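Here is a short report on one protein chain. Look at the structure first, then read on.

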Amino acid sequence: MPWEFMPALRLGIPPMARLLAPSFRPPARFAARGAALYATTLLLCITVTGAGLGLVTLQMAHRRLQRNLQLSAQTSMALQSGMDWTFWMVDSDPNWRTSVVSGQDYDLASVGLDQVTMRLEDTDGNLADDDTDPAVLTVTSVTQIAASGGQAVCTRRLRLTAAPAPHRALAFTVFSRDAVAFTGGVAVSGPVRAQGNITDDGTTALTAGASFETVTGNTISPGLQPVTFASSAMASPAPDLAFYTNQATLLASSSGGNFDVRDAAFTSTSSSQGAANANGVYWIDAGGQEVRLENVYVKGTLVITNTRGSDINFERPCRLEQGTLGYPVLLADAATGRIEFAFASGERLDETRANRDFNGDGDSADQVSPAISGLVWTRSASVILGNSGWDFTGCIIGSNIQVTGGVQLKRDATIRSRVVPGFTDGRLHIVRGTIAEVAVEP
Ligand SMILES: [Ca+2]
Ligand SMILES: [Ca+2]
Ligand SMILES: [Ca+2]
């Protein structure tokens, strides 16, 4: 205690009741010192009380912060788990697009994530109609922890857009479900993948970009280089042809025992049979017959189904080019039959002879060379690309693919990054820059 207050204590301070009485007047000799003592004591009290209150407030804030951090961490973990679970579900269920209803909230408590909901939504309201459609994933988490005065609740919501990637088979110029064979001077300038043997007769010409890959346990002819042996098979794309036939124009059957199409051109702006299909998609429903195409030009998509095991023959010069939608140029299902492309190098689609503007440039005076460019999917016992010296550019998928007679296999590097209906990896990948925390509606 400071020494100058000592006399006041020695002289005795009046009882508190007297001090507080309105009539109390301190003796004049104490007046100045007493007032100073009173003010200082009051100031000290206020300071000490203030400091105490400050400490209590700080402690409460600290507790609140701890609680909020704990809540926040728990909610973040719950959101992350909800996201992880959704991507795991998509990866492990090939039919997730039909088993999940677009826009419906799914409570993940049944998979051990309490108070977490997941929603996958296609902006067109239907996840199943097109496997190339992206989906918006929303995960909401409600976390509660015990707090003074009840439960503290934290609700947070994360949203992102995810999209499928192209099927890995699209990276190859030739993708066979089993073997591939080259004979008679084929030129290869793109990657070839088989699940069986890849053989050649020693006449194959290789240029930059050629490569050969099969699954370990199969063989690749020594002249074919470079080689890679993969440890496991790669599933072939299995497109739902209904996606394409639903938007296709059905071609009329010819009379006789086969389904013949001759001297015809089909594009998104013109058709040899009636009105043009705006998507450039045309469909041959073979009705169990053999399909034969001769002098046919397609810029778009040709779908051939229902051969019931009969063959499909592209037997004279045909030219198939990809249309504007980036769909496959040919989807041919011959079941157990054979599919053959046999174009002679010297033959042309002769516009004058056929009196048809095959290439759609406004005249009927061109000689159009046979070729196939784009994505070709086939199902058949075997596929033959042959006769002589025409160009295949793109990606052909099939079984027992035999290439002969100077056909040139060329790569179209753009196909591997194209998301084509029926040719995706069936999964979802986060679209860069789309993850955001969104406000929770009241
Ligand atoms: Ca859709
Ligand atoms: Ca023309
Ligand atoms: Ca012309």
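## Nonpolar cores

The largest nonpolar core of this predicted model has 73 residues. Val 174, Val 192, Val 303, Ile 304, Leu 375, Val 376 and Cys 395 have the most contacts inside it. A nonpolar core is a set of buried Ala, Val, Leu, Ile, Met, Phe, Trp, Tyr and Cys residues joined through C-beta atoms within 7 Å. Buried means that 20 or more other C-beta atoms lie within 10 Å of a residue's own, with C-beta atoms placed from the backbone.

Take Val 174. Leaving aside neighbours within four places in sequence, Val 174 is in contact (C-beta atoms, placed from the backbone, within 7 Å) with Val 180, Val 192, Ile 396, Ile 401 and Leu 409. Another core, of 16 residues, lies apart from the largest one. Leu 79, Val 116, Leu 127 and Leu 137 are among its members.

## Overall build

The chain has six helices and 30 strands. These are DSSP runs: H or I, at least four residues, for helices, and E, at least two, for strands. The radius of gyration, taken over C-alpha atoms, is 39 Å, well over the 22 Å from the globule rule (2.2 Å times the number of residues to the power 0.38) for 442 residues, so the chain is more spread out than a compact globule.

## Two domains

An automatic or database assignment gives domain 1 (1–164 + 426–442) and domain 2 (168–417). Their centres, over C-alpha atoms, are 62 Å apart.

## Reading the model

Residues are numbered from 1 along each chain as its sequence is written, while chains are lettered from A and ligands numbered from 1 in the order written. In this predicted model, local features need pLDDT of at least 70 and side-chain atom pairs count only at pLDDT 80 or more, while totals for chains, interfaces and linings use all residues.

Notes: Buried ≥ 20, exposed ≤ 12 C-beta atoms within 10 Å, placed from the backbone. Contact = placed C-beta atoms within 7 Å.
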